[in-house]
Amino acid sequence: MHATSCDFRRALQIASEFSDRVARGSEPRSGSRFGAGVGGEAPSARKAGAPNSQSTQDARARVLEALDAAVIPLDEPFFRGTDSSVTERNRNLRLARNRVKQAEQYRSTERENDFVRERPALVRQMRNKKAGDASRAVPLAFDEHGDFVEPLHGRIPERQALQAKLLLQQGLTGKARRQSWCGLIGRRRDCFSGNAEHRFYTLCFCENRYCPVCGPKSFRQLFNRHSRLRSLGEELLKHQPGDHRPRVMAKLDITTRNLGEMPSAAEVRRFNKDIRRFFRAIEKRFGISRREYGFLWCCEFGSGNTNLHAHGIYVGPALPQRRRELSKLWAEIRGDGSRIVSIKRAKSFEAALGHALKYPSKFFNASPARLVELEVAFDRVRRVHTLARFYNPKIEREPGEDGNTDAGHCPICGDLLLDAPGYHFVADLQREGRRNADVVRVEANRARALAESPP
Ligand SMILES: [Zn+2]
Ligand SMILES: [Zn+2]
């Protein structure tokens with residue numbers, strides 16, 4: 001019943017053997033976006049797996065083997081139908097092998113073994129990413145058979161369990177692990193003041209885009225972050241001296257031809273590239289400069305279909321579409337029969353941003369198989385893109401705008417909130433008399449706001 005830290009340590013031991021076999025190959029590919037997942041995975045096991053005595057050819061063979069191991073075969077029959085094809089996976093593997101070959105000319109033979117051993121670190125360097133804080137790594141969730149570790153048995157809700165297993169089957173090991181623990185465990189947070197009443201916990205979330213808990217939250221965050229573009233949008237609506245072209249704030253939707261199957265992450269990336277090319281072409285053809293407009297877009301599939309499309313906000317000189325000029329230009333760029341571009345005037349910046357970023361919460365009621373399909377299609381692909389004036393704008397941050405700054409402080413007295421290492425099940429944390437720091441913070445803020453503005 002009680003999940004002690006001993007259970008976790010045991011779970012780590014069981015799964016470290018598994019991780020040695022799989023994680024080396026899959027980590028760089030599944031590419032945890034959240035560093036924490038990467039750092040803590042049994043470093044001793046990894047070291048042991050890369051002896052120096054091997055010949056360089058063996059080392060290369062092992063890199064290739066690891067790449068193969070990263071793709072876990074699909075056993076679930078109902079999922080096979082919706083998955084991107086075997087051909088697709090084989091193509092990805094082939095490309096990955098070629099990348100390994102291409103990298104070779106930059107390595108001396110005696111460095112080859114080092115390369116294998118240091119690979120995770122090298123990959124991080126290539127992506128210019130900091131190593132995760134090992135103490136924050138979520139415990140491993142699966143044993144060597146891909147079954148949940150003992151502490152999770154009977155604790156993980158059915159839907160969540162299915163989604164995590166499907167992620168694992170798709171080779172997204174980091175995301176699978178975080179999904180397994182999402183919302184079930186938390187960390188002890190004690191107020192520096194030592195006040196016994198100020199003892200809290202913070203929940204551990206997977207932050208996967210298509211997690212039913214974390215997905216809607218991340219869309220709200222995206223909305224808040226990008227609503228800062230509003231003042232810039234208003235500026236772009238103003239006429240410049242000597243330039244009286246009409247200006248618009250519009251919802252601009254761009255779609256691709258429906259191929260009847262889920263596009264791969266590579267195809268989603270190509271779509272985003274094409275949108276950039278589309279705007280270069282618009283600049284040339286309609287005589288609009290980069291300084292005069294801004295465009296923000298977000299890719300999606302809509303619930304239950306395979307039709308990749310983008311919802312965007314355009315602010316700048318009016319674009320012609322009366323004789324389907326934009327649609328024709330997009331068709332030229334894509335060259336695959338993709339045509340539809342719809343442009344409609346937006347009532348306000350918020351309305352347009354809502355149009356681009358809003359996901360109805362019922363969207364996340366889709367089957368776990370569908371949500372995993374989307375997770376795969378958008379793995380390591382940005383969701384929200386910005387162009388021209390909306391790209392990297394210089395906007396002064398208002399104080400208190402980044403809500404996260406107070407996350408490190410006690411919600412009651414504002415003193416530092418200490419972060420104890422290790423994770424515990426929520427029920428155990430509550431039994432210790434702890435409260436959820438984020439919930440208490442919201443309550444405290446609400447009480448403060450009421451006190452400041454009496455009715
Ligand atoms: Zn989650
Ligand atoms: Zn306090």
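## Overall fold

Two residues are in contact if their C-beta atoms, placed from the backbone, lie within 7 Å. In the protein chain, residues 24 or more positions apart account for 78% of the contacts with a separation of 6 or more. The model is predicted: local features need pLDDT of at least 70, side-chain atom pairs count only at pLDDT 80 or more, and totals for chains, interfaces and linings use all residues. Residues are numbered from 1 along each chain as its sequence is written, while chains are lettered from A and ligands numbered from 1 in the order written.

The protein chain has 17 helices and 10 strands. These are DSSP runs numbered from the N terminus: helices are H or I with at least four residues, strands are E with at least two. Of its 455 residues, 29% are buried (20 or more other C-beta atoms within 10 Å of the residue's own, placed from the backbone).

## The open sheet

5 strands line up as β6-β3-β5-β4-β7 in an open, antiparallel sheet. The edges are β6 (341-345) and β7 (384-388), each pairing on one side only. Pairing takes at least two DSSP bridges between two strands. Strand β3 (residues 247-255) joins β6 through 5 bridges, antiparallel. Asp253 has Ser342 of β6 as its bridge partner.

Helix α14 (residues 349-357) lies across β3, β4 (294-300), β5 (309-317) and β7. Its direction is at about 155 degrees to β5 (axes are lines fitted to C-alpha atoms, for helices over the stretch in contact; angles run from 0 to 180 degrees between N-to-C directions).

## A covered helix

Helix α15 (residues 368-377) is mostly covered, with 7 of its 10 residues buried. Among them are Leu371, Val372 and Glu375. The buried residues of α15 pack against α8 (158-169), α9 (173-181) and α12 (265-286).

Note on methods:
A residue is buried if 20 or more other C-beta atoms lie within 10 Å of its own, exposed if 12 or fewer, and partly exposed in between; C-beta atoms are placed from the backbone.
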